[in-house]
Amino acid sequence: MNLIVAVDKNWGIGRDNGLLAHVPGDMKYFKEHTLGKVAVMGRKTLESMPGGKGLPGRTNIVLTGNTEYEAENCTVVHSEDELFELIAQYAPNDVWLIGGASMYNRYFTLCDKLYVTRMDADLNADAFIFNLDEDPNYEVTCESEPQTENGITYRFLVYERR
């Protein structure tokens with residue numbers, strides 16, 4: 001499984017159940033990597049999307065403890081066992097963990113590659129993930145040149161398990 005996330009300089013990923021910033025280059029990067037693939041997310045991440053619907057052009061899997069929960073364009077699972085049984089049907093490189101914080105923090109150790117957009121700004125987040133730079137099990141294997149959009153400088157990094 002892969003992970004894809006955009007973080008600020010404090011490893012913040014969101015505020016008020018939304019993204020921290022509108023960065024078109026990051027949205028394009030996300031789409032390029034996940035289109036035609038399997039997007040795994042928690043309920044809050046799904047509900048933060050336009051219309052609260054799954055992403056078009058992807059197989060959307062939502063993990064929630066609410067057994068009554070239903071969502072358009074999604075397969076809803078209610079346990080880790082259900083989740084792992086379902087994603088086992090797909091090639092690991094086709095499965096993308098896309099959020100939110102509790103999903104990232106819980107499952108990042110199951111990911112071989114982590115695609116991180118690092119924004120060089122403090123964006124006043126209220127949701128955070130682990131600091132990969134402090135995890136000895138992962139190393140940066142690819143880093144883009146810095147880019148700037150909407151006043152935010154960012155770069156794409158790929159972390160891989162050592």
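## Basis of the values

Because the model is predicted, local features need pLDDT of at least 70 and side-chain atom pairs count only at pLDDT 80 or more, whereas totals for chains, interfaces and linings use all residues. Residues are numbered from 1 along each chain as its sequence is written, and side-chain values use heavy atoms, with hydrogens and water left out.

## Strands and their pairing

Helices (H or I, at least four residues) and strands (E, at least two) are DSSP runs, numbered from the N terminus, and two strands pair if DSSP finds at least two bridges between them. Strand 3, residues 38-42, is mostly covered, with five of its five residues buried, where buried means under 20% relative accessible area, exposed over 50% and partly exposed in between (1.4 Å probe, protein chains only). V38, V40 and G42 point one way from this strand, while A39 and M41 point the other way. Strand 3 runs parallel to strand 4 (residues 59-63), to which five bridges join it, and T59 is the bridge partner of V38 in strand 4.

Six bridges join strand 7 to strand 1 in a parallel arrangement, with A6 opposite T117, and seven bridges join strand 7 to strand 11 (residues 152-161) in an antiparallel one, with Y115 opposite V158.

## The largest pocket

A pocket is defined on a 1 Å grid over the protein atoms alone, as an open set of points where a 1.4 Å probe fits, with protein on both sides within 12 Å along at least five of seven lines; lining residues have an atom within 4 Å of a point. The largest pocket has a volume of about 1,100 Å³, a volume being the space filled by probe spheres set on the points, which are joined across faces, edges and corners. Of the 42 residues that line this pocket, L19, T45, S48, M49 and I98 are the closest to its centre.

Helix 4 gives the most to the lining, with five residues, and the elements that each supply at least two residues include strand 1 (2-7), helix 1 (24-34) and strand 6 (95-99). By class, the lining has 21 nonpolar, twelve polar and nine charged residues, with Ala, Val, Leu, Ile, Met, Phe, Trp, Tyr, Cys and Pro counted as nonpolar, Asp, Glu, Lys and Arg as charged, and the others, Gly among them, as polar.

## Cysteines

The search of the whole structure finds zero disulfides, a disulfide being a pair of cysteine sulfur atoms within 2.5 Å. For C74 the nearest cysteine sulfur, that of C111, is 19 Å away; C74 is buried, at 18% relative accessible area. The sulfur of C111 is 17 Å from the closest cysteine sulfur, in C142, which is too far for a bond, and C111 is buried at 0%.

## Backbone features

Most residues other than glycine have a negative phi, and most peptide bonds are trans. The peptide bond from G99 to G100 is cis, with omega near -5 degrees, and G100 lies in the loop between strand 6 and helix 4. N17, in the loop between strand 2 and helix 1, has a positive phi near 60 degrees and is partly exposed at 45% relative accessible area. N73 has a positive phi of about 65 degrees, lies in the loop between strand 4 and strand 5 (75-77), and is partly exposed at 43%.
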